[in-house]
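I opened this structure for a first look and kept notes.

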Amino acid sequence: MRRRPTFINLFLIKLPISAMSSITHRATGIVNFFVTIPTFVLLFLTNYLLNDDNFWDINKFSFEVKILISVSLISFTYHILAGIRHLLIDFTDFGHEIDEARSSAIYVFGLTLIISIFLIMEAW
């Protein structure tokens with residue numbers, strides 16, 4: 001007797017916050033590779049945002065550039081903090097219990113929010 005495939009509705013699955021942290025860490029790695037690195041190379045290494053006197057040219061900070069810089073800063077900040085969390089889990093005894101994994105994921109999300117607010121205030 002053949003077993004029929006089972007339909008799994010992915011929208012009904014409740015992932016733990018530590019799993020969401022791991023998934024978003026991978027997603028921000030992709031965003032960093034395709035958005036953040038080209039953004040910082042094109043905007044900062046080419047001196048696009050500077051005027052002739054090497055001061056910030058406010059006219060070049062359009063809405064799109066500010067959004068691009070903000071997304072890049074949030075993605076980079078989260079990826080670094082989640083990477084530190086994963087390194088702690090890999091190389092120490094911390095984070096192997098469910099409570100520790102949950103609390104460290106919440107701390108990473110909270111720290112990302114706080115640090116990103118300060119970084120985005122500088123960009124805007």
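**Aromatic rings**

I looked up phenylalanine 33 and phenylalanine 34 and found both exposed (over 50% relative accessible area; buried is under 20%, partly exposed in between, with a 1.4 Å probe and protein chains only). I note that this is a predicted model, where local features need pLDDT of at least 70, side-chain atom pairs count only at pLDDT 80 or more, and totals for chains, interfaces and linings use all residues. Residues are numbered from 1 along each chain as its sequence is written, and side-chain values use heavy atoms, without hydrogens and water.

I then searched for aromatic pairs and got two. Rings of Phe, Tyr and Trp (its six-membered ring) pair if their centres lie within 6.5 Å; planes under 30 degrees apart are stacked, over 60 edge-to-face, the rest tilted. Phenylalanine 33 and phenylalanine 34 make an edge-to-face pair, with 5.0 Å centre to centre and 90 degrees between the planes. Tyrosine 78 and phenylalanine 109 are stacked, at 5.4 Å centre to centre and 15 degrees between the planes. This pair links distant parts of the chain, 31 residues apart: tyrosine 78 is in helix α2 (residues 63-91) and phenylalanine 109 in helix α3 (residues 98-123). Helices here are DSSP runs of H or I, at least four residues, numbered from the N terminus.

Is tyrosine 78 buried or exposed? Tyrosine 78 counts as buried because its relative accessibility is 4%.

**Helix α1**

I followed helix α1 (residues 17-45) and found a bend of about 45 degrees at asparagine 32 (the angle between axes fitted to the seven residues ending there and the seven starting there). Asn32 is among the buried residues of α1, which also include His25, Thr36 and Leu43. The buried residues of α1 pack against α2 and α3 (contact means heavy atoms within 4.5 Å). Just past α1, I noted a positive phi of about 55 degrees at asparagine 47.

**Phenylalanine 118**

Phenylalanine 118 is listed as exposed because its relative accessible area is 54%. How far apart are phenylalanine 118 and glycine 83 in sequence and in space? I get 35 residues in sequence and 20 Å in space, C-alpha to C-alpha.

Note on methods. Helices (H or I, at least four residues) and strands (E, at least two) are DSSP runs, numbered from the N terminus.
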